[in-house]
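Visitor: I have a few terms to clear up. Please give me the cut-offs as we go.

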Amino acid sequence: MKYLGLIVFFLISFNTESPLEEVRYQFPNIESLEQADKFRVSLKSDNSAETKGYYAAMVLMKSRFAKSPFSKYKFFKQGKKQLDKAISENTAVVEIRYIRFLMQKQIPSFLGYNKNIEEDFNFILTQLIGADLAVSFKIKMLKTMLLVNDLTEVEKNKINQILNKI
């Protein structure tokens with residue numbers, strides 16, 4: 001019986017994901033203001049570049065689910081500022097470029113937050129293979145990019161070429 005307790009303890013100890021890992025695999029499929037807030041709070045204690053990017057994305061996603069137009073705009077401005085700051089401080093981190101690429105593709109164009117789409121797309125495709133990320137996550141990133149609505153056939157082909165190389 002005491003061995004069963006030890007086994008359960010080790011299983012729990014080794015199966016707990018970090019907040020960053022959990023957000024990484026849930027993003028961009030956040031479905032509520034509460035979920036975005038939960039992830040945002042869980043990321044507060046980590047100060048890595050990737051965490052700052054996801055934290056900013058959670059603030060941006062809150063704008064999607066907020067009911068008041070004023071709150072939506074407030075969250076949009078905060079998230080945009082935080083995400084751009086994270087990228088300006090960590091220009092070589094592929095993952096936060098990926099976050100911005102997806103956010104800019106999803107945000108309505110009248111808000112004017114779409115100036116870096118092409119730059120981020122090209123950066124991701126040229127740097128992803130050499131990035132220090134798990135292969136499974138690189139594949140997830142590329143497959144998620146393929147789900148973006150208005151990709152051209154040329155862009156889809158470029159993504160598929162990188163997928164074939166991984």
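Visitor: What makes Lys156 and Glu153 a salt bridge?

Guide: Their closest N and O atoms are 3.6 Å apart. A salt bridge needs a side-chain nitrogen of Lys or Arg within 4 Å of a carboxyl oxygen of Asp or Glu, so this pair counts. First, the ground rules: this is a predicted model, where local features need pLDDT of at least 70, side-chain atom pairs count only at pLDDT 80 or more, and totals for chains, interfaces and linings use all residues. Residues are numbered from 1 along each chain as its sequence is written, and side-chain values use heavy atoms, with hydrogens and water left out.

Visitor: Why is Glu153 called exposed, and Lys156 partly exposed?

Guide: Exposed means over 50% relative accessible area, buried under 20%, partly exposed in between (1.4 Å probe, protein chains only). Glu153 has 53%, so it is exposed. Lys156 has 26%, so it is partly exposed.

Visitor: How do you know that Arg97 is buried?

Guide: Its relative accessibility is 7%, so Arg97 counts as buried. Its salt-bridge partner Glu119, at 3.2 Å (N to O), is partly exposed at 41%.

Visitor: Why are Tyr98 and Phe137 called edge-to-face?

Guide: Rings of Phe, Tyr and Trp (its six-membered ring) pair if their centres lie within 6.5 Å; planes under 30 degrees apart are stacked, over 60 edge-to-face, the rest tilted. Here the centres are 6.5 Å apart and the planes stand at 80°, so the pair is edge-to-face.
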